[in-house]
Amino acid sequence: MMPEQITIPKTMSTQHPDNVQIPFFSENSCLGGEDEVLEAYYAYSHLNCREQMWDCEGKEVDNFVVKKLLSKYGGYLSNHQLGKDIFLTLRVPNPDVEKAEAKILLETLESIPRSYDVANIFYGTENPPIFEVILPMTISYESLDNIYQYYCDFVVGKQNQRLGGRDLTVSDWIGEFKPAKINIIPLFENKEGMLNSDRIVAKYLENKNLDYQRVFLARSDPAINYGNVGAVLLNKIALMKLSNLSDKKEIPIYPILGVGSAPFRGNLRPDNTERVMKEYPGVWTFTIQSAFKYDYPPDMVCDAVKRLENREVFKAPDVDEKRCLLIFEKCSKEYHKRLSELSPAINKISGFVPKRRMRKLHIGLFGYSRSHEGLNLPRAITFTAACYSLGVPPEILGISALNDHDLDYLRNIYVNFDADLIDSIRYMNPDSPYLPPADLEFAKENCDFEINTVHKKSTDDIIRLSGENRTDEAGSYILKAASERKFLG
């Protein structure tokens, strides 16, 4: 049952920097600041995405985005109300993980009542423009509840505090703080979180009397940690568990899936929506990342967004969790062996992958690089771009661990396994010295594919420059290869 007051969006525009082409409205190759405010308006007004995710982690944070949107694009927004017709959803730092940014969380929560006041003056209604935040790297009920309770007790709760022992309260002085509560959306990104997502959400729902709950499942970080097959299996299990929880608790749960354009990161492209909808029938909201928005003609993008918004959502299919985890362990173990061999080459080339967003704190002690089982790796988009640039589509890493019995079951639940594999290995370079022989042999035996010769030529040049320690000259070839794929990473 849908909540009466709003309709949950089925597409969410994000700021993931996986695009090759520069948006027409930006003069810089790296989007940031005012460009991202304009981007939000463009997603709403031109692409008809009903939701924009606003990152408040890993960059300079703009807590005045609502004020800027209403002041700059008031003509459009007066007829498309923020918080009712279209939505702005904040992704906040996780203080349990991102210690250097922990207090940015508090600043962001404090901005929500201020945004309410601005929207209240603009619209003259009680609808809050922001009422949901996304918590990345969720692994516990407490991490969600801490934000919920802090907002209620300290952001809104301080309005009842008296000043200097007098009868004057904070709300008497500067006005009421609204909304009274916010929704916290867990973003599950690793095996522990995804396999326990139903238990974590169930505990969080206790004593809250919520109309519904949204849950965000990552697709990119599970792929970089466990391989492409592992990421799909974890998502299938989590979607099944959340669907069963919804039935048990009799509360609507609306899953969000964070998909990018690379097969390794979900394979959601404007020309591939039907396959992805078939793969994940239980997903309510799909992310629309930068390559989807900017590396295809606008008319194609608009049509694809319309299809995603108008689609019917079904119950997530049941899967055999035990059997899925047996395949998961086999593939992820083999995948990690490949990473151990390839990580020096990946890290070497990753520094020359062009940047597409302004981001802070990516290196050293305050870094955002992903560490997995002792390996330090770049973030998922850069990782994917580096692998493709070396002629090694990351989708194939470790798949030689699959036997015929595994494949029979996998093809039943991962319905696009073969199609996704073909989409990726057309960009393989069979001559790459970094290509694992066993995985190459698996691809040849199981797939009918043609190598993209333009892409191969670019990766030949990248591999040559890397071997000559001239990797700093590889940037143009990395972009040329990415243009052929229509995604950076």
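Tutor: Let's begin with glutamate 250, which sits in the loop between α10 (228-249) and β7 (253-258). Bear in mind that this is a predicted model.

Student: OK, what's the phi of glutamate 250?

Tutor: Glutamate 250 has a positive phi, about 55°, although it is not a glycine. Most residues other than glycine have a negative phi.

Student: And is glutamate 250 buried or exposed?

Tutor: Exposed, because its relative accessibility is 74% and the cut-off for exposed is over 50%.

Student: Which residue has a phi near 50°?

Tutor: That's asparagine 209, again a positive value in a residue other than glycine. Asparagine 209 is in the loop between α8 (197-205) and β6 (213-218), and at 73% relative accessibility it counts as exposed.

Student: What about peptide bonds, where's the cis one between a lysine and a proline?

Tutor: Lysine 178 and proline 179 are joined by a cis peptide bond, with omega about 0°. Proline 179 is in the loop between α6 and β5 (183-188). As background, most peptide bonds are trans.

Student: While we're there, what's in α6?

Tutor: Helix α6 covers residues 170-174, and tryptophan 173 is found in it. Tryptophan 173 counts as exposed, at 59% relative accessibility.

Student: Switching to α14. How far apart are its end C-alpha atoms?

Tutor: Only 35 Å, although helix α14 (residues 321-350) has 30 residues. A straight helix would reach 44 Å at 1.5 Å a residue.

Student: Where does α14 bend?

Tutor: At leucine 342, by about 60°. Proline 344 follows within four residues.

Student: And what caps the N-terminal end of α14?

Tutor: Aspartate 320 does: one of its side-chain oxygens lies 3.2 Å from the backbone nitrogen of lysine 322.

Student: Now charges. How many salt bridges are there?

Tutor: The count comes to 35 salt bridges, taking a side-chain nitrogen of Lys or Arg within 4 Å of a carboxyl oxygen of Asp or Glu. One of them pairs arginine 269 with aspartate 271, with the closest N and O atoms 2.8 Å apart.

Student: Is arginine 269 buried or exposed?

Tutor: Buried, because its relative accessible area is 12%, and buried means under 20%.

Student: What does glutamate 274 pair with?

Tutor: Glutamate 274 forms a salt bridge with arginine 307, the closest N and O atoms being 3.8 Å apart. That pair links distant parts of the chain: glutamate 274 is in helix α11 (residues 273-279) and arginine 307 in helix α13 (residues 298-310), 33 residues apart. Arginine 307 counts as partly exposed, with 32% relative accessibility.

Student: Last one: where does serine 111 lie?

Tutor: In helix α4 (residues 102-123). Serine 111 is buried, with a relative accessible area of 2%. Its C-alpha atom is separated by 13 Å from that of phenylalanine 154, 43 residues apart along the chain.

Methods:
Residues numbered from 1 in each chain as written. Predicted model: local features only at pLDDT ≥ 70, side-chain atom pairs only at ≥ 80, totals over all residues. Heavy atoms only, no water. Helix = DSSP H or I, 4+ residues; strand = E, 2+ residues; numbered from the N terminus. Buried < 20%, exposed > 50% of the residue type's maximum accessible area, 1.4 Å probe, protein only. Expected span 1.5 Å × (residues − 1). Bend = angle between axes of the 7 residues up to and from the residue. Polar contact = N/O pair within 3.5 Å; in protein donor to acceptor, adjacent residues only side chain to side chain.
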